[in-house]
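Work through the exercises below with the sequence and the 3D model open. Each task is followed by a solution in steps.

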Amino acid sequence: MFSYRHAFHAGNHADVLKHTALMAILQHLTQKDTALLVVDTHAGAGLYRLDGDYAQTSGEADEGLLRLTAKTAAAPATGKKGSTGDAGANAPVPAARASALQAYLDMVASFNAKGRHRVYPGSPFIIHQLLREHDRLKLFELHPTDARTLLANIGQLNAGRQIEVFDQDGFEGLKKFLPPPSRRALVLCDPSYEIKSDYPRVVAMVSEALQRFATGTYVVWYPLIPRPESHDLPRKLKNLAIKAGKSWLNASLNIKSNKLGKDAAGEVVRPGLSASGVFVVNPPHTLKALLKDALPQMVELLGQDQHASFVLESG
Ligand code: SAM
């Protein structure tokens, strides 16, 4: 069985990028009245504790959400000269206009008491917050413990038939929902890439999904790690989109060098995940402009060294 648990990674820089992009896409797709189907093929547990053992052990949120909130709390609030905001509360990100990153921070804040960041909403809860009553959400989670936790967490929403949870393989499970009756769908594919076969399975899933439902919006998160498969994945997805005659967008964020370092005792320290990306097939036309603002803000606020950078390309 898999050892990956998203509780170790919740709120890290990869979640900041993925959830900011996801929200920007959903906010656009929910403007049209027609019902939207959202399928989250790798849903995780739904809600995470940032003050729990998993998050505290990994410290990953310190390089993501918590770094953002600390920095934006310390930065002067937009339009209010000299204001530093409440300590630990979400002061606006230092940007002249409302941004996708600010929307993300506001979303996380809405799950927490003012000025505290104990709870982190995973993709199922972020998606649910943005859906209308007539939209539908299908969640797949294969890890038995996380699937049970997800079911219990979703149960608290009393969402009835709006949300369905499946303790099944999301790559396979997607098929039965495409094409959706409303002809509008967003698919989030966010595997852990714990096993190498996840890379070709993502490509096969998107390829088949495009054949079943060519106008759906497909969002794939991927890690950028020293492994050829991870760098090949966005290239393969780009080729797929181009072959299918579909528009695409690729956004990646790098927060630090991926070279091995040494700690004070001279022990080799692995840098952990330093970069990741989101690839979107059929992105909303508004997404690129929003990410063009948000990505430099992420680099500025999350970047740890001269390697901090972003890529934003589309076609
Ligand atoms: N999407 C979540 C979020 O943004 O909050 C995080 C998901 S986490 C990166 C990936 C999850 O996929 C893990 O919880 C893992 O147990 C689950 N998983 C792995 N293989 C799967 C599969 N074939 N089908 C469904 N879930 C799977």
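## Exercise 1: The pockets

The second largest pocket has a volume of about 230 Å³. The model is a predicted one.

**Task.** Which residues are the closest to the centre of the second largest pocket, and which elements give two or more residues to its lining?

**Solution.** 
1. The lining has 13 residues, and A7, L47, Y48, R49 and Y54 are the closest to the centre.
2. Two or more lining residues come from each of β2 (47–49), α2 (53–58) and α6 (144–155).
3. Sorted by class, this lining holds 7 nonpolar, 2 polar and 4 charged residues.

**Task.** How much space lies in the largest pocket, and what lines it?

**Solution.** 
1. The space in the largest pocket is about 740 Å³.
2. Its lining has 40 residues, of which Y4, D190, P191, S192 and Y193 are the closest to the centre.
3. At least two lining residues each come from α1, α7 (170–173), α8 (198–212) and β7 (217–223).
4. Helix α1 supplies the largest share, 4 residues.
5. The class count for this lining is 16 nonpolar, 14 polar and 10 charged.

## Exercise 2: The nonpolar core

**Task.** Which residues touch the most other members of the largest nonpolar core, and which helix gives the most to this core?

**Solution.** 
1. The largest nonpolar core has 92 residues, and L26, Y104, V202, V206, L233 and M298 touch the most other members.
2. With 10 residues, helix α1 (residues 13–29) gives the most to this core.
3. Take L26 as a case: leaving out residues up to four places away in sequence, L26 touches L36, V38, I127, L130, L131 and L186.
4. As background, nonpolar side chains in soluble globular proteins tend to be buried together.

**Solution.** 
1. The buried residues of α4 are A100, L101, Q102, Y104, L105, M107 and V108.
2. Y104 is also one of the residues that touch the most other members of the largest nonpolar core.

## Exercise 3: Strands and their partners

**Task.** Why is β7 described as largely enclosed by the rest of the structure?

**Solution.** 
1. The cut-off for buried is under 20% relative accessible area.
2. 7 of the 7 residues of β7 are buried, so β7 is largely enclosed by the rest of the structure.
3. T217, V219, W221 and P223 point one way from the strand, Y218, V220 and Y222 point the other way, and all are buried.
4. β7 runs parallel to strand β6 (residues 185–189), to which 4 bridges join it.
5. In this pairing, C189 has V220 of β7 as its bridge partner.

**Task.** Which strands pair with β8, and in which sense, parallel or antiparallel?

**Solution.** 
1. Strand β8 (residues 248–254) is mostly covered, with 6 of its 7 residues buried.
2. Over 7 bridges, β8 pairs with strand β11 (residues 275–281) in the antiparallel sense; here A251 stands opposite V278.
3. Another 6 bridges join β8 to strand β12 (residues 309–314), and these two run antiparallel; S252 has V311 as its bridge partner in β12.

**Task.** Is F310 buried, partly exposed or exposed, and what does F310 touch?

**Solution.** 
1. F310 has its place in strand β12.
2. The relative accessibility of F310 is 35%, so F310 counts as partly exposed.
3. Residues up to four places away in sequence aside, F310 touches S252, L295, P296 and V299.
4. For P296, 14 residues apart from F310 along the chain, the C-alpha separation is 7.2 Å.

## Exercise 4: Backbone checks

**Task.** Which peptide bond is cis, and where are R183 and Y193, each with a positive phi?

**Solution.** 
1. For reference, most residues other than glycine have a negative phi, and most peptide bonds are trans.
2. The bond from L178 to P179 is cis, with omega near 0°, and P179 is found in the loop between α7 and β6.
3. R183, not a glycine, has a positive phi of about 60° and also sits in the loop between α7 and β6.
4. Y193, not a glycine either, has a positive phi of about 55° and lies in the loop between β6 and α8.
5. At 5% relative accessibility, Y193 counts as buried.

Technical notes: Residues are numbered from 1 along each chain as its sequence is written. This is a predicted model: local features need pLDDT of at least 70, side-chain atom pairs count only at pLDDT 80 or more; totals for chains, interfaces and linings use all residues. Side-chain values use heavy atoms; hydrogens and water are left out. A nonpolar core is a set of buried Ala, Val, Leu, Ile, Met, Phe, Trp, Tyr and Cys residues joined through side-chain atoms within 4.5 Å. Buried means under 20% relative accessible area, exposed over 50%, partly exposed in between (1.4 Å probe, protein chains only). Contact means heavy atoms within 4.5 Å. On a 1 Å grid over the protein atoms alone, a cavity is a set of points where a 1.4 Å probe fits but cannot get out, and a pocket is an open set with protein on both sides within 12 Å along at least five of seven lines; lining residues have an atom within 4 Å of a point. Grid points are joined across faces, edges and corners, and a volume is the space filled by probe spheres set on the points. Ala, Val, Leu, Ile, Met, Phe, Trp, Tyr, Cys and Pro count as nonpolar, Asp, Glu, Lys and Arg as charged, and the others, Gly among them, as polar. Two strands pair if DSSP finds at least two bridges between them.
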